[in-house]
Amino acid sequence: KAAIIITSGFAEVGRLKDELAIKETASRYGIRYCGPNCAGMVNTHQKLFPTLEAAPPQGSVALVSQSGSVGGMLMTMAAEGNLGISKFISYGNGYDLNELELLRYLKDDPQTSVIAMYLENIRDGRAFMRELKEVTKQKPVVIVKSGRTGTGQRATLSHTGSLAGSDAVYNAAFRECGALRVKNIEEMFYLCKAFALLKPVLGKTLSIITNSGGPAVMSADCGEEAGLQVNEPSEALKRQLAEFLPVHASFRNPIDLTVEGGGEQYRRATALALKESDAALAIYVGTPYLAAMPIAEGLIAAYQDGRKPIAATMLVGQDIKAAIARLEEQGIACFPSGEAAVNALSSMAWYYDYLKAALPLAVPAEACGSLAKPLLSEAEAMRLLQKHEIPILPFAQAINSDEAVLCCQKIGYPVVMKVVSPDIVHKSGRGGVILDIGNDQAARAAFASLQKAAAGCVFDGVIIYPQLNRGHELIVGLSYDAQFGPVIACGMGGIYTEILRDLAVMVAPVSKQQAVRMIKSLRGYDILAGARGGIAINEELLAEVIVKLSQLPFLYPDLREADLNPIFVTETQVYPVDARIIGSK
């Protein structure tokens, strides 16, 4: 009833017909299988090793890998680096058992406390998100997703027979579901080790205890860049440190014990520091002729006293391997550098913080119709927005100069006039937007200018809006991702969209809380919040626009792309002043 198909040469090289023949035969006889193009599986707790790869030590980390060799790399590292594995499943092309079913299985596996995944593609992004969201409530999931670049995506296509989706969308989906994405297998290994060995990191304050200044300073820099707080100790703690450390020691954070620091100094300094921080990093750079074990015993004593997470970097010593093994037996994870330790602690802090503030996935709206045409005019797009309670400005469309004057009079000067043409996407770059039109004569001149700007293109007249106090310019847009479907983005708008590339992306739809989180995540948020006396945007109104726009592709399943660029946002108003909506052909 079960099979592992190691053989390659199927969909990954274009032989999809043969791949489907395997699926049909297996279905006919009720056989479930991994592969083809895989490296088998491992269950260390059952002593089951039908795999081409190395047999790892028993433990609590499960690995699901689309690539067999990547799984083999991690299991080899596990055997050499004191990391225990519970399960390894290589599923290859994944035409039967795939990442979704394996994730669902490991969620309830009592022998697994951490799940590591190597992915090249996901067949059903939304189903994966739903399952991942449930899994991360119970145990952390660490993901390497390859195909981050154009070159990587081409390699993924040839490797697994599936096209990788947009990397920014994968980032957004993983983050929203509480998964931790890392860049490579080494980062995955050390983060899994941290979760498997360390107590939860329940805050962002970090103390660094060291006997060597340089590595500690680099670790402190890394910690701040990773979002941790490497705060200076209180005066009371400094006085306590001064009682047993030499006068030339540094009582700031990092706490430098100097080369004189022994096991007892590490014990006392670490135990004291943990009273004011959420985690500690101990760095020991010894000499080849001195024992490191006393340092290890001192850290173990400090850990047993406070029961807060301690990470260690033990670099040189007569018995360094034995000292590292002793530390990890007692729940103190060791790392090759302070930076590697800091990055793992930061990721753990993010995960436990996520658990406290996780938001449910928003529910898509029921379909209500179709767009009925593949490209809406700007006026049609504005009416669609208005229908779904997205605020718009009064507007009018004119197809000749006389109509343009009458429309301007109706709206009230001053006005803005823009060209209407399905062939012109970037109107401002084509001279297709004229501002501050103040009278009938200027309106006629503007119409003539826009008609000239559209030479050689379809010209559907002009659209006219009242002139606004512009406020901040933003963009809110929708696109369609191959793996995840509709995706919503928000960022700095107008001419800066393609220059600054300051965008927050999420899989649609989103809730109001998620929309506010998108706005606050922008690098330019301080500007939007009114830095240095500037205009502070109305975040609530902008969030409501993001929420309503994110539901449109579910209301209209043929909608494939929408851009509101720019949206003018002030303290009291949110108005899109350009809209482009595209449906499927």
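Here are the labels, one by one.

Reply: Before we start, this is a predicted model, where local features need pLDDT of at least 70 and side-chain atom pairs count only at pLDDT 80 or more, while totals for chains, interfaces and linings use all residues. Residues are numbered from 1 along each chain as its sequence is written, and side-chain values use heavy atoms, with hydrogens and water left out.

Me: Why is alanine 78 called buried?

Reply: Buried means under 20% relative accessible area (1.4 Å probe, protein chains only). Alanine 78 has 0%, so it is buried. Its contacts, leaving aside neighbours within four places in sequence, are Pro57, Leu83, Ile85 and Phe189; contact means heavy atoms within 4.5 Å.

Me: And why is isoleucine 4 called partly exposed?

Reply: Exposed is over 50%, and partly exposed lies between that and the buried limit. Isoleucine 4 comes out at 31%, so partly exposed is the label. Together with Ile6 and Leu52, Ile4 makes a nonpolar surface patch of about 250 Å².

Me: What makes a set of residues a nonpolar core?

Reply: The set holds buried Ala, Val, Leu, Ile, Met, Phe, Trp, Tyr and Cys residues joined through side-chain atoms within 4.5 Å. The largest one here has 51 residues, and Leu385, Ile488 and Ile546 are among those with the most contacts inside it. Another core, of 50 residues, lies apart from it and includes Val70 and Trp350.

Me: Which residues does isoleucine 546 contact, leaving aside its neighbours within four places in sequence?

Reply: Isoleucine 546 touches Val476, Ile488, Cys490, Val510, Ala515, Met518 and Ile519.

How values were computed
Patches are made of residues with over 30% relative accessible area and no salt bridge: like charges are joined within 9 Å, nonpolar side chains (Val, Leu, Ile, Met, Phe, Trp, Tyr) within 5 Å. Accessible areas come from the Shrake-Rupley method with a 1.4 Å probe; for residues, only the protein chains shown count as cover. A salt bridge is a side-chain nitrogen of Lys or Arg within 4 Å of a carboxyl oxygen of Asp or Glu.
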